Amino acid sequence: MSARRPAAAETPKDPAHLRAEFSRVWVNPRGWRSLSVVNHTAIAYRFLITGTVFFVLAGLMAMLMRTQLALPQHEFVDHKLYNQLFTMHGTVMMFLFAVPMMEALAVYLIPKMIGARDLAYPRLSAFGYWCYLFGGIIILSSLALQMAPDSGWFMYTPLSNAVFSPGRGPDVWLLGITFVEISAVAAGVELIVSILCTRAAGMSLDKMPLFAWYILATAGMIIIGFPPLILASILLELERAANLPFFDVVRGGDPLLWQHLFWLFGHPEVYIIFLPAAGVVSTLVPVFAQRPIIGYRWAVLAVIGTAFISFGLWVHHMFTVGIPQLALAFFSAASMMVAIPTGIQVFVWLATLWYGRPRYSLPMLWLAGFFFIFVAGGLTGVMLALVPFDWQVHDTHFVVAHFHYVLVGGMLFPLIAGIYYWLPHFSGRMPSERVGRWAFWLTFLGFNGTFLIMHWTGLLGMPRRIYTYEAGLGWDLPNLISSVSGFVLAIGTAMMLADIALHFRFGRRADPNPWQSNGLEWVMPLPAPPYNFLTLPTVDSRDPLWSQPALAETLQQGEQLLPEIDHGLRETLGSDPVTARPRQIVHLPTNSWWPLAAAAAIGALCLALLGKVYGMALVATVIAAVCLLRWSWENGAHASSAPLAILRSGPLPLHSRTFDSVGRYGMITTLLASGALYFSLLFAWYYLWAIAPEWLPPAGAPLSWTLSLLAGTAATAACALHTIANLRLRRGVEQQLGVLTGAAALMGTLQLGLMVWTLHHAGLQPTLSAHDALVIVMFAFVGFHTLVAVLATALQCWRVHYGYVSLAVPYEVPVVTPLWSFSAACFWLGWLSIMIMPQVWLG
């Protein structure tokens, strides 16, 4: 298929006919069949609506807590319910609202901003949403069933272990959060590959919208930052369910290991929440300043710097647990250093406003509130980076106030500004200036009345996480003011939500590009059609609508790229990650039930594990695997995908006919997430070796040298066989492809068998020793990835038989080869850590 403009001698198709054909191919079904929709616009709407519901529920929990704290010795709720409320409030706000809402905005906007018709993996987006929804329901249902967790949204050990929290509340948290984080990581993979590989022709990295840079950095942080918490949740659930002592000092563990793993995720998450919101600010400021952003390259460097530095700050939350002085000094300096790239971004925004001609519309009002609140929160953050001051206010309401100033000021206000700005995109209607301003002032005054006062309460010594207090301590009036202001904040938020809901019916119709914006998302009709662009744009600057005023008209007339639709396939352009030069056509999958089925099976697995019905858990695991494998079958040259019978003209091949497809980038990105989890596991191993006082390694090698080396040899052989198949196919040799992939699968199966035999022969005692428990977890990690590689390769071998994988359709082989390399590398890293490192450590 050609991805070029029609030549002068050609007659472009009638635009009305083109729109009708695109609508037919991209239509979203209605009724119960709408559950199979995978289009990014529909999925983003679902994320946004679901996240809003979770936000309202978390807000109601906050109001109950503020009512309880309004007066001393108040008995509105008892201590048990209060502990559940603050645990669930923090959990819902952090895991079910803040991150998912910013990801939802990115899922909606990124294809429209970079000139694509959809994200690279539409079915993965749908799968992520269902995981998010089912995980959220599992977490929130625990409150209704009176089994909600009450150990805090951070689940510190030993408070959350089976001794001090014997109920199922922590299990709900651990399994539910892990389920939800599948969604977050899936979105991270989706966004990285989409931004790198599906940008409009001409949109090189230095012409990419700043919002895309912010989302690219955020998605990378999700890929690296979320796995440590996934690992920590798995380890704690194994300790609770199987008595494996990862955090038990007596048996060689350490409760501080949980804090390290949690905050390896937790502090980057602050910036995972902030950076997309800052991307909204960087998008809106030049529009309302009516000039291009000043310091584009500085802003990009600041984004990258913030993302990088954020991973060196996790001990910022652990200054009071007994950290060595040198570590305190390092992490204190790093905590202050992150203010530098943040400050650069603030000055970029201020300079753009200073040299522009600002228009103070409703979105800019919310941005003004952001500037005030976020800068104040940043200043208290620098205060908390000073170790002596942190020691004084740690675990007081001062920290709670700082936390809300950074996250609410840094995320909620820009999010609302962005929603008001893009409302015409959602509905084709404009928001109400009057109601929106009333909502802003109530929210702004209520927020500052609630949390500015809370700084003072904290300085007076009021601890966080207490449900009542004695009169006469100086906390009575500040708490009453905070509680009353909290209700003002709630009224303002309710007014804002009502304004947004009512505008869909009563808002005036929006003109095309109503804000006179510079971004590609405003070239399409309002509200946006499912396919975004009738034809795909070519851009020549960072502000395409300002530098190419006729762009919208040429796109709608079918005079740009990829106008063909008569084949009935959903397609977008695949481009070079750096230069955005078109190099392939990405065929996008259509609506499917498999994402819903796979997510439902994983949800059933979580419920079975909660109920400790392990037979049912095994059945659910098998069903989930079958759904995922069947999903992957509809790929490449499959009849429902892009069969070989469909011919293409022009210079650009379909992505499944290449070796460097979006699938390969997706596998590499996914393996980065797996690698982050594995390195977190290695961190736990070496941390306990160095720190745990009761760590008891065996006198000799914990595993058989012979069996473990045979397993490693099998892993290397499987990797080599699949790599040879990949290299031969790249050189045009198709013969023996099925034999080589089948041999790789058999060798991987042999590796699995040898690993099981090695563990059986070792006689480990995982319930008595954290050392033995970690050895088993490391083997389980490698075994899981090897099993996935075996199943994928066996499926690939079968597809060779059907003609779905061949020299004509080669892209699946380069997708699976990195998985084998990763599995083999993890095996040998683990083997060195288990077998060689102890010999060196112990001399």
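Biologist: Before we start, what do buried, exposed and partly exposed stand for here?
Modeller: Buried is under 20% relative accessible area, exposed is over 50%, and partly exposed is in between. Keep in mind that this is a predicted model.

Biologist: Fine. Which class does alanine 780 fall in, then?
Modeller: Alanine 780 counts as partly exposed, because its relative accessibility is 46%.

Biologist: And where is alanine 780?
Modeller: Alanine 780 lies in helix H23, residues 770–802.

Biologist: How far is alanine 780 from methionine 755?
Modeller: C-alpha to C-alpha, the two are 9.2 Å apart in space, with a separation of 25 residues in sequence.

Biologist: Switching to the strands. How do E1 and E2 run?
Modeller: Strand E1, residues 570–575, and E2 run antiparallel, and six bridges join them. Strand E2 covers residues 582–588.

Biologist: Which residues stand opposite each other?
Modeller: Leucine 573 stands opposite isoleucine 585 in E2, and glutamate 571 has histidine 587 of E2 opposite.

Biologist: What is between the two strands?
Modeller: Six residues, and E1 and E2 form a hairpin. In the turn, alanine 580 has a positive phi of about 65 degrees.

Biologist: Why call E1 largely enclosed?
Modeller: Because six of the six residues of E1 are buried. E2 is mostly covered, with six of its seven residues buried.

Biologist: Now the surface. Which residues form the nonpolar patch?
Modeller: Ile49, Val53, Val56, Leu57 and Leu60, which together have about 420 Å² of accessible area.

Biologist: Take valine 56. Where is it, and how accessible?
Modeller: Valine 56 is in helix H2, residues 40–69. Its relative accessibility is 36%, so valine 56 counts as partly exposed.

Biologist: What follows H14?
Modeller: Glycine 461, whose phi is positive, near 100 degrees.

Biologist: Last topic, domains. What does the assignment give?
Modeller: Domain 1 is 40–306 + 555–592 + 634–695, domain 2 is 360–509, and domain 3 is 698–843.

Biologist: How far apart are domain 2 and domain 3?
Modeller: Their C-alpha centres lie 51 Å apart.

Conventions. Residues are numbered from 1 along each chain as its sequence is written. This is a predicted model: local features need pLDDT of at least 70, side-chain atom pairs count only at pLDDT 80 or more; totals for chains, interfaces and linings use all residues. Side-chain values use heavy atoms; hydrogens and water are left out. Domain bounds come from an automatic or database domain assignment. Helices (H or I, at least four residues) and strands (E, at least two) are DSSP runs, numbered from the N terminus. Buried means under 20% relative accessible area, exposed over 50%, partly exposed in between (1.4 Å probe, protein chains only). Two strands pair if DSSP finds at least two bridges between them. Patches are made of residues with over 30% relative accessible area and no salt bridge: like charges are joined within 9 Å, nonpolar side chains (Val, Leu, Ile, Met, Phe, Trp, Tyr) within 5 Å. Accessible areas come from the Shrake-Rupley method with a 1.4 Å probe; for residues, only the protein chains shown count as cover. A salt bridge is a side-chain nitrogen of Lys or Arg within 4 Å of a carboxyl oxygen of Asp or Glu.
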